[in-house]
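Please look over the structure below with its side chains displayed.

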Amino acid sequence: MSLPVARRTALAAQGFTDPRPSSAPTRRHLRRVLSRTKLLQLDSVNVAMRAHYAPLLARLGPYDPALVDDAAWRDTVRRPRLLVEAWAHEASLIPVADWPLLMSGAKRPGWWRGYARLAEESPGLVDDVLAVVKELGPVGAGTVEKELTGGERRTPGAWWERSDVKKICEWLFGTGELTTGTRRGFERCYDLTERVLPADVRQRRVDPEEAARELVASSAEALGVATESDLRDYYRLGPPETRAAVADLVEAGTLEPVRVEEWRQQAYRHTAATAPRRVTGSALLCPFDPLIWERDRTERLFGFRYRIEIYVPARRREYGYYVFPFLCDGELVGRVDLKADRRTSVLRVPGAFAEPDVDRVRVAAELAHRLRETADWLELDGVDVGDRGDLADALRREIAAHG
């Protein structure tokens, strides 16, 4: 398989060849995107927008964020929740039906496994947390702690110095006894899983090997063509589990071994994957978009080296604090540092950078359009382009020319 074909296969698998809705996106469109991406990663950073909203904007165009909120954190008789939180790639929103796969034992316990000892040594605390959540849920960990400490909440000095109550809440979330009932702001409010998920979902038991096969098959659908390490990373599975699942899926005819030019590792194509002749259109990709979240794969597919620089000291950042790669006509052609300045109602672009050998006039025009669209979606009044980057001048002219 040539590299351009692999690239187009990956873009089609991720939904970038699906047409944007001609009217306001609905839950049907949300389902279509989820059939491509399989999950939406959650992240606490809110410099421009929350991570779980951005992939939908990139694929659907402007939509009402309540579409996601209602699907994930509100339950009605007529419209039961479509999504639930779980540890998947990282903290993620996943389809409710996939929850048993991630609770099957196919996926190794996450960072919260370190709290198992505390739970074993403090069974009374576990019972007390469950009792408070049962009585008050959905409820934040801080409120649970106040209930259990007589109103005197202990404030940890840093995020890794969490109180024992918070640790138990996270352990119960990881093991599936608690889940997110709702969110207030971005605070996770815990509730009993039995009050959130349908009985048939909670009670489904999946053999770990079968769950691994289903998760790897889902990864392959989302990626189109991928190496074993790419397939493993999508749901953060272990190497032995992934290798066994890949072998089974090849034997079953779900995966086809292929060689992609310039890739050193063996690749696998999902047999339902398609490779369109061309990919058109443009999109801004947040750092946690599933098309680019695995940085090595991004470099192999697009020749685009990308690193998130949030934790890099400001003086050492190459491109900026919260940088969005820019996809245009099937290529990653540039990147912009973005910040939603709510106080002045402006979408700030401190830096704009073009990749080598791209048509900068075309890139600047398309990027200006997407930035204006994003500012409108964020309910900001304008776009302000700074001085950093070799695309900044052209982008500023485009923004000025079109208001």
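Is Trp112 buried or exposed, and what is its relative accessible area?

## Basis of the report

The model is predicted, so that local features are reported only at pLDDT of at least 70 and side-chain atom pairs count only at pLDDT 80 or more, while totals for chains, interfaces and linings use all residues. Residues are numbered from 1 along each chain as its sequence is written, and side-chain values use heavy atoms, with hydrogens and water left out.

## Two tryptophans in one loop

Trp112 is buried, with a relative accessible area of 9%; here buried means under 20% relative accessible area, exposed over 50%, and partly exposed in between, for a 1.4 Å probe and protein chains only. Trp112 is placed in the loop between helix H5 (99-102) and helix H6 (116-121), where helices (H or I, at least four residues) and strands (E, at least two) are DSSP runs numbered from the N terminus.

Trp111 is found in the loop between H5 and H6 and, at 37% relative accessibility, counts as partly exposed.

## Aromatic pairs and charges over rings

The structure holds 8 aromatic pairs, a pair being two rings of Phe, Tyr or Trp (its six-membered ring) with centres within 6.5 Å, classed as stacked if the planes are under 30 degrees apart, edge-to-face if over 60, and tilted for the rest. The rings of Tyr234 and Trp293 have centres 5.0 Å apart and planes at 50 degrees, so this pair is tilted. Because Tyr234 lies in helix H12 (residues 228-235) and Trp293 in the loop between strand E9 (282-284) and helix H14 (295-302), the pair ties together parts that are 59 residues apart in sequence. Both Tyr234 and Trp293 are buried.

Tyr319 and Phe353 form an edge-to-face pair, since their ring centres are 4.9 Å apart and their planes stand at 85 degrees. This pair links distant parts of the chain, with Tyr319 in the loop between H14 and strand E10 (323-328) and Phe353 in strand E12 (residues 346-354), 34 residues apart; Phe353 is buried at a relative accessible area of 12%. The charged end of Arg335 sits over the ring of Tyr319, 4.1 Å from its centre, and that of Arg300 sits over the ring of Trp263, 4.7 Å from its centre; the criterion is NZ of Lys or CZ of Arg within 6 Å of the ring centre and within 35 degrees of the ring normal. Elsewhere, ring pairs link Trp87, Trp111 and Tyr115 into a cluster.

## Cysteines

The structure holds 0 disulfides, a disulfide being a pair of cysteine sulfur atoms within 2.5 Å. The sulfur of Cys169 is 11 Å from the closest cysteine sulfur, in Cys189, too far for a bond, and Cys169 is buried with a relative accessible area of 0%. For Cys328, the closest cysteine sulfur, in Cys286, is 19 Å away and likewise too far for a bond; Cys328 counts as buried at 5% relative accessibility.

## Cavities

There are 3 cavities of 30 Å³ or more, where a cavity is a set of points, on a 1 Å grid over the protein atoms alone, at which a 1.4 Å probe fits but cannot get out, and lining residues have an atom within 4 Å of a point. About 90 Å³ of space lies in the largest cavity, and its lining includes Arg20, Met49, Cys286, Phe324 and Glu373. Helix H3 (54-60), E9 and helix H15 (360-377) are the elements that give two or more residues to this lining.

## Backbone exceptions

Most residues other than glycine have a negative phi, and most peptide bonds are trans. A cis peptide bond, with omega about 0 degrees, joins Gly137 and Pro138, and Pro138 lies in the loop between helix H7 (123-136) and helix H8 (141-148). Arg236 is not a glycine, yet has a positive phi of about 55 degrees; Arg236 lies in the loop between H12 and helix H13 (239-252) and is partly exposed, with a relative accessible area of 34%. Asp357 also has a positive phi, near 65 degrees, and lies in the loop between E12 and H15, where Asp357 is exposed at a relative accessible area of 83%.

How values were computed. On a 1 Å grid over the protein atoms alone, a cavity is a set of points where a 1.4 Å probe fits but cannot get out, and a pocket is an open set with protein on both sides within 12 Å along at least five of seven lines; lining residues have an atom within 4 Å of a point. Grid points are joined across faces, edges and corners, and a volume is the space filled by probe spheres set on the points.
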